[in-house]
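Student: I'd like to zoom in on just one part of this and see how the rest is arranged around it. Please pick a helix and walk me through it slowly.

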Amino acid sequence: MGKLEYGDDLMQALNDVCAAHKIQTGRIEAIGAVKKAKLGYYNQEAKEYEFFETYQPLEITSLTGNISLRHGKPFVHAHLTLSDKQGKLIGGHMVPGTEVFACEFVIQEFSGPVFKRGFDNTTGLPLWDF
Ligand code: ZN
């Protein structure tokens, strides 16, 4: 368990934690708050991510994801659900560009085979390559 620092980039900071502790396979969850957010949505027709940003304080009501290797480095794939002051939710795929206000995370490291990301032709996504 740990916490991120005020002003951290959420995705970069979580990837840095995994790299620092050499975590290659695992699961991750977090709660907290952000100052602004950038999220991704995968356009399945175009096979590319679209992004949207919101410049307001939001709660991290849920961050859930997994850790595997991409390009030889620990990579966090996570999805975020965020709430505003009225409790309205937005969510999406975590990308760089979300600024931490406060964040507490839990990482569970798995032993066993290392999962590596390749490229999946059907979806256009960097899915696990078995
Ligand atoms: Zn995703």
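Tutor: Before we start, helices here are DSSP runs of H or I with at least four residues, strands are runs of E with at least two, and both are numbered from the N terminus. The model is predicted, so local features need pLDDT of at least 70 and side-chain atom pairs count only at pLDDT 80 or more, while totals for chains, interfaces and linings use all residues. Residues are numbered from 1 along each chain as its sequence is written, and side-chain values use heavy atoms, with hydrogens and water left out.

Let's take α1, residues 10-20. At its start, a side-chain oxygen of Asp9 comes within 3.3 Å of the backbone nitrogen of Met11. That's a polar contact: N or O atoms within 3.5 Å, where one must be able to donate a hydrogen and the other to accept it, and residues adjacent in sequence count only if both atoms are side-chain atoms. Just past the other end, Lys22 has a positive phi of about 55°.

An α-helix has 3.6 residues a turn, so residues three or four places apart point the same way. The buried residues of α1 pack against β1, β2, β4, β5, β6 and β7.

Some of them belong to the largest nonpolar core, which has 27 residues; Leu4, Leu10, Leu14, Leu63 and Met94 touch the most other members. Such a core is a set of buried Ala, Val, Leu, Ile, Met, Phe, Trp, Tyr and Cys residues joined through side-chain atoms within 4.5 Å. At least two residues each come from α1, β2, β4, β5 and β7, and α1 gives the largest share, six residues.

Now follow Leu63 across. Beyond its neighbours within four places in sequence, Leu63 contacts (heavy atoms within 4.5 Å) Leu10 and Leu14, and also Ala78, His79, Leu80 and Met94, among others.

His79 leads us to the zinc ion, coordinated at 2.1 Å by His77 (NE2), His79 (NE2) and His93 (ND1). Donors are N, O and S atoms within 2.8 Å of the metal (3.2 Å for Na, K and Ca), and sites may look incomplete because water is not among the atoms. His77 in β5 and His93 in β6 are 16 residues apart. His93 is buried at 12%, while His77 is partly exposed at 24%.

Notes. Buried < 20%, exposed > 50% of the residue type's maximum accessible area, 1.4 Å probe, protein only.
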